[in-house]
Amino acid sequence: MSEKHQIIPVWFFVGSLLLIYGVLILGSGLMEWSHPPEGVQLSNLHAPVWWGGLLVVLGTIYCAKYYPRSEA
Amino acid sequence: MIATMALSAPSTLVHLSGVDLAIIAIYFLLVLGIGFYLKKFAKTGEDFFLAGREMTAWVAGLAFVSANLGSLELLGWAGNAYQYGMMAAHWYWIGAIPAMVFLGIVMMPFYYISKTHSVPGYLKLRYGTEASALSAVTFAFMTILMSGVNMYAMALVMEVVLGWSLHFSIIVSSLTVGVYVAAGGLFSAIFNEVLQFFLIWFGALLIPILGLIETGGWSGMVARIHERFPGQNFTHMWGPMSSPSNNPMGVHWIAIVFGLGAVQSMGYWTTDFLVVQRVLSAKDVRSAKLAPIIGSFFKMAVPLIVILPGLLGLAVLPFHLVPGNQAGPGQFKYDDVLPLMLARYCGPGLLGLGITALVAGFMAGMAGNVSAFATVWTYDLYRPYMRKDAPDAHYVSMGRWCTIIGLIVSIGTAYLVQYNKSMMDYVQALFGFFIAPLFGTVVLGMLWKRVSRMAGFLGLLAGVIMSVTAFLLMKFDPSWVKVFAFSSLAQPLAQAMWQALWACVTCVVVTVLVTLVDKPKPDEELRGLVYALTEVPREEGTSWLHRPAVWGVAALVILAVLQIIFW
């Protein structure tokens with residue numbers, strides 16, 4: 001992102017946040033799999049599991065692609 | 001202590017679990033960490049106030065569109081969609097896309113080539129100190145008030161939705177924003193806006209997905225709305241606009257096309273420094289031209305997470321929402337529709353993500369206002385009028401102090417708004433007073449080299465006076481609504497469009513008349529500032545895929561198709 005400054009790309013921070021949130025949401029979705037929360041519509045679709053999984057995949061891709069590597 | 005402050009309010013709309021609180025806490029830790037990390041890069045004035053002018057088109061474009069994706073807008077427009085239906089999407093489509101493309105293709109080269117650091121800075125180069133000072137003082141005043149309004153709105157939403165006390169939300173949000181903006185300047189604000197962009201999309205996109213599954217798709221949703229609200233047209237954009245009496249907004253299509261599309265949105269997207277500052281951080285002219293156009297594609301998609309949840313609320317919520325000033329105990333107001341839909345579909349984890357997106361949106365709104373205030377105060381008021389020749393480090397230090405002082409004033413504003421709720425409407429109306437005439441002044445100055453120094457100033461002043469007059473007359477004597485808006489049925493949103501149109505027309509007429517009798521500025525003072533005297537870099541060597549104009553046309557074609565689909 002920067003030529004003047006060697007700043008870690010913002011995309012790496014985005015990836016880290018998505019990855020951490022993905023793990024938390026996926027974990028929470030798996031834990032409630034057999035006891036869906038009351039009052040939440042369509043809980044039978046287990047949205048936290050597939051949405052959390054999507055965040056994990058995207059976060060991992062961003063983190064891997066924009067991981068700050070020192071230039072030789 | 002903090003937990004006691006946070007949980008002192010009695011009733012809440014949703015309840016957070018441990019994982020939700022962890023998600024919110026991680027966000028706060030990350031933005032503070034990013035602020036401290038970026039501090040070492042924000043050493044010069046250009047770094048602190050313009051993020052080093054080294055952002056790529058994508059980063060500048062996302063920050064540009066994100067600066068307008070604050071939580072006030074999200075909650076308000078979802079509420080408007082519940083109240084007015086699909087017509088609310090006009091503010092995202094015709095009320096944004098043509099202006100963003102116009103900024104990228106026509107206006108950005110002048111802003112960028114002139115090397116200005118702000119919109120008042122451009123006015124100073126083009127017209128002189130009178131127009132610049134008027135614009136800088138009003139902008140600085142408005143941004144600081146808006147930051148306070150954002151702070152109060154966030155505290156209020158957190159109180160209603162989560163049960164957090166007002167004091168807790170105000171203290172935590174202002175401390176966090178103060179630390180990360182004072183440390184990293186515009187770098188921090190832009191990084192946070194990009195994070196916020198992703199949070200809002202991933203936090204809100206599940207609502208339309210699950211809502212459409214529940215209603216059986218678009219046609220199922222429309223059928224349910226017709227069943228619950230017989231005789232009302234909530235799902236078309238242009239059809240109900242042949243007459244103000246045919247739609248709940250009381251607006252005619254002429255006001256949408258000329259008031260919203262040609263003036264209000266052009267004024268906001270091309271001259272409000274809060275959004276333009278993001279594009280000025282781009283690394284070169286091509287990136288600066290491309291950034292608003294990239295932003296326009298995302299802006300076109302925002303109705304998916306704002307308008308559609310409002311429509312789904314009409315279709316599935318088991319009760320009817322009411323206007324904010326009519327909500328009694330146990331009733332929900334229009335602006336609650338987004339949190340209600342979030343609570344309907346999102347359990348632990350997903351709820352935390354959605355709430356974090358709202359918090360991020362509010363804090364980005366404050367950070368955007370405070371960083372723009374620091375720039376305008378330091379470069380357009382302090383440097384020219386108080387201390388001209390200080391070293392660069394002095395101005396950076398002033399920018400950091402401005403951030404802190406600006407936040408303290410914002411906190412004061414937030415508490416003032418708490419005790420005088422109508423002030424919030426007035427502060428939001430303030431922006432409308434200046435933005436529409438400012439567009440007339442800036443665009444005439446860019447495209448017509450004959451416009452003189454006094455013509456620019458007097459045109460701007462006349463436009464502002466016209467805008468304030470129209471607002472006050474319509475506010476305090478409803479008989480004037482028919483005069484300015486051509487229909488007594490016009491609601492506040494429609495009145496604002498006509499007010500903008502009148503203000504801009506007044507500004508243009510006065511500017512042209514004064515120009516015709518005044519002496520123009522010499523050509524040598526206008527090089528790089530006006531169309532006839534500026535060499536805009538050509539793009540012959542660039543492949544068509546990388547040309548901003550190609551993508552600008554693509555955005556306009558998609559916009560036209562969307563209008564036809566939802567006619």
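Me: Let's start with one residue: in which helix of chain B does B:Leu353 lie?
Reply: Bear in mind that this is a predicted model. B:Leu353 sits in chain B, and its helix there is α17.

Me: Is B:Leu353 buried or exposed?
Reply: The cut-off for buried is 20 or more other C-beta atoms within 10 Å. B:Leu353 has 28 C-beta neighbours inside 10 Å, so it counts as buried.

Me: Zooming out to the contact between the chains, which helix gives the largest share of the side of chain B that touches chain A?
Reply: The contact takes 29 residues from chain B and 28 residues from chain A. Helices α2, α9, α10, α16 and α17 of chain B each supply at least two residues of that chain B side. By class, this side has 22 nonpolar, four polar and three charged residues. The largest share, six residues, comes from α2(B).

Me: And how are α8(B) and α9(B) oriented to each other?
Reply: Their axes come within 8 Å and cross at roughly 130°. Angles over 145 degrees would count as roughly antiparallel and 65 to 115 as roughly perpendicular. α8(B) and α9(B) are therefore oblique.

Me: What classes do the residues of the contact of α8(B) with α9(B) divide into?
Reply: Among those meeting here are B:Met151 and B:Met158 in α8(B), and B:Leu166 and B:Ser169 in α9(B). The residues of this contact split into six nonpolar, three polar and one charged.

Terms used
Residues are numbered from 1 along each chain as its sequence is written. Chains are lettered from A and ligands numbered from 1 in the order in which they are written. This is a predicted model: local features need pLDDT of at least 70, side-chain atom pairs count only at pLDDT 80 or more; totals for chains, interfaces and linings use all residues. Two residues are in contact if their C-beta atoms, placed from the backbone, lie within 7 Å. Helices (H or I, at least four residues) and strands (E, at least two) are DSSP runs, numbered from the N terminus. Ala, Val, Leu, Ile, Met, Phe, Trp, Tyr, Cys and Pro count as nonpolar, Asp, Glu, Lys and Arg as charged, and the others, Gly among them, as polar. Axes are lines fitted to C-alpha atoms, for helices over the stretch in contact, and angles run from 0 to 180 degrees between N-to-C directions. Angles under 35 degrees count as roughly parallel, over 145 as roughly antiparallel, 65 to 115 as roughly perpendicular and the rest as oblique. A residue is buried if 20 or more other C-beta atoms lie within 10 Å of its own, exposed if 12 or fewer, and partly exposed in between; C-beta atoms are placed from the backbone.
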